[in-house]
Amino acid sequence: INAEYMGEGFGPMDRTTHNGVRWSTYLAYLRPILHRSNLTVMKRALVSRVVTDNMRATGIEVHRSRNGPGEVISGKKVILSAGAFGSPHLLMLSGIGEADELAKHNLPVTHHLPGVGHNLQDHLELYIQYRCLKSVSIYDSLKWYNQALIGLQWLMFHTGMGATNHFEAGGFIRSAAGVEHPNLQYHFLPIAVRYDGKGMAGGHSFQAHVGPMRSKSRGKLWLQSADPAAHPLLRFNYMSHPEDWQEFRAGIRHTRELFQQPAFRELCGEELNPGPRVQSEAELDEFITRGVESAYHPCGTCKMGSDATAVVDGHTSVHGIENLHVVDSSIMPTIASGNLNAPTIMIAEKAADLLLGTPEPPTPVPVWIAKDWQTTQRSQVPQ
């Protein structure tokens, strides 16, 4: 949500959709330049390590097939953009990480960098679901015969119900007085259903997804083995900080209050999930434990900074290794207060300027903060 004057409240969601198609970074950035002679795209290739020489990155080792031989590709700079799981995994496979952890897998230590794989963060969310009193949800669109027509319309024209993800409204609020800027995010969906399509409520319904934006819980990633094809091991440590529980309880209560407002009077029926009987702190915690899900926003495992646990500096360079950069969500020191797609694209745009030596000068951007944030949970009138 890009509010004109404030980032607190509700409104239409900005989405990366163009002409009815989810506009990925491949479609927006890579596909238009595939013809360039200085660009080679290798499909289904596995990068097994960064090649270094005397604390300088000189290239990568690539396997064109899973069991094929390694091929070293040299370059002036190496940029890892494998995400919050892939980038730290590749650094560790290259001998860059916590020395004791690398030794467990008989990997030679290129550079002891203890922060690699640590500081893992994510967003969690819950579904608060209601019966809809009017036939205005997308329930009818999910019937098999309508799905076929919707799919055909999208395939032919990229229009209609198939040209949207239906998360078209959302919001950001503060959970309590004393929170300076919004720490709870909402996504609104005009049907009550899980992300995986299961558990759909019969009949017309709707739901709000709500979750904390800046959890203080921290996890880590580490090697399963020295085999590059073996996935790394993850421990998110979800809900390990007491503030996570406080913010989720507040989110449930604020959502209930939201749907009792006059604007929803003709739409909002019975509460389906968690249900009106779930009221006490213990009952809310049981619902949170049972229903919380990842929003798929992992980050932080190669954090930017200058302390002992930082992996990259302010120019995305890996500490202690020349010509090696990380450019993806893993370099976020703390998770963004919102979805990660746009911030990650922004990181890449900024890194491109830095690597090319053409950085834009900083532009001051005013951030709206409620004047009474220390004493009230919400402001009645924009200030």
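Visitor: In S5, what is the bridge partner of valine 51?

Guide: The partner of valine 51 is glycine 59 in S5, and this is a predicted model, in which local features need pLDDT of at least 70, side-chain atom pairs count only at pLDDT 80 or more, and totals for chains, interfaces and linings use all residues. Residues are numbered from 1 along each chain as its sequence is written, while side-chain values use heavy atoms, with hydrogens and water left out.

Visitor: How many bridges are there between S4 and S5?

Guide: Six bridges pair S4 with S5 in the antiparallel sense. Strands are DSSP runs of E with at least two residues, helices are runs of H or I with at least four, both numbered from the N terminus, and two strands pair if DSSP finds at least two bridges between them. In the hairpin of S4 and S5, four residues lie between the strands, and asparagine 54 takes a positive phi near 55 degrees.

Visitor: And what joins S5 to S6?

Guide: Strand S5, residues 57-63, is joined to S6 by five bridges, and the two run antiparallel. Histidine 63 stands opposite glycine 70 in S6.

Visitor: What is the order of the strands in that sheet?

Guide: The open sheet has three strands in the order S4-S5-S6, with antiparallel pairing. Its edge strands are S4 (46-52) and S6 (70-74), each of which pairs on one side only.

Visitor: New topic: how many aromatic pairs does a search of the whole structure find?

Guide: The search finds 14 aromatic pairs. Rings of Phe, Tyr and Trp (its six-membered ring) pair if their centres lie within 6.5 Å, and planes under 30 degrees apart count as stacked, over 60 as edge-to-face and the rest as tilted. One of these pairs is phenylalanine 10 with tyrosine 186, whose ring centres are 5.5 Å apart and whose planes are at 45 degrees, so the pair is tilted.

Visitor: Where do phenylalanine 10 and tyrosine 186 lie?

Guide: Phenylalanine 10 is in strand S1 (residues 9-12) and tyrosine 186 in strand S13 (residues 184-189), so the pair ties together parts that are 176 residues apart in sequence.

Visitor: Is tyrosine 186 buried or exposed?

Guide: Tyrosine 186 is buried, with a relative accessible area of 3%, whereas phenylalanine 10 is partly exposed at 49%. Buried means under 20% relative accessible area, exposed over 50% and partly exposed in between, using a 1.4 Å probe and protein chains only.

Visitor: What about phenylalanine 188 and phenylalanine 259?

Guide: They form a tilted aromatic pair, 6.4 Å centre to centre with 50 degrees between the planes. Phenylalanine 188 is in strand S13 and phenylalanine 259 in helix H5 (residues 242-259), so to speak of sequence, they are 71 residues apart and link distant parts of the chain.

Visitor: Which residues form the aromatic cluster?

Guide: The cluster is formed by Tyr130, Phe188, Phe206, Phe259 and Phe264. Phenylalanine 259 counts as buried at 2% relative accessibility, while phenylalanine 188 is partly exposed at 26%.

Visitor: Now serine 294: what does its side chain reach?

Guide: The side chain of serine 294, a residue of strand S18, reaches the backbone nitrogen of tyrosine 296 at 2.8 Å. A polar contact of 2.6 Å also joins the side chains of serine 294 and aspartate 122; such a contact is a pair of N or O atoms within 3.5 Å, where within protein one must be able to donate a hydrogen and the other to accept it, and residues adjacent in sequence count only if both atoms are side-chain atoms.
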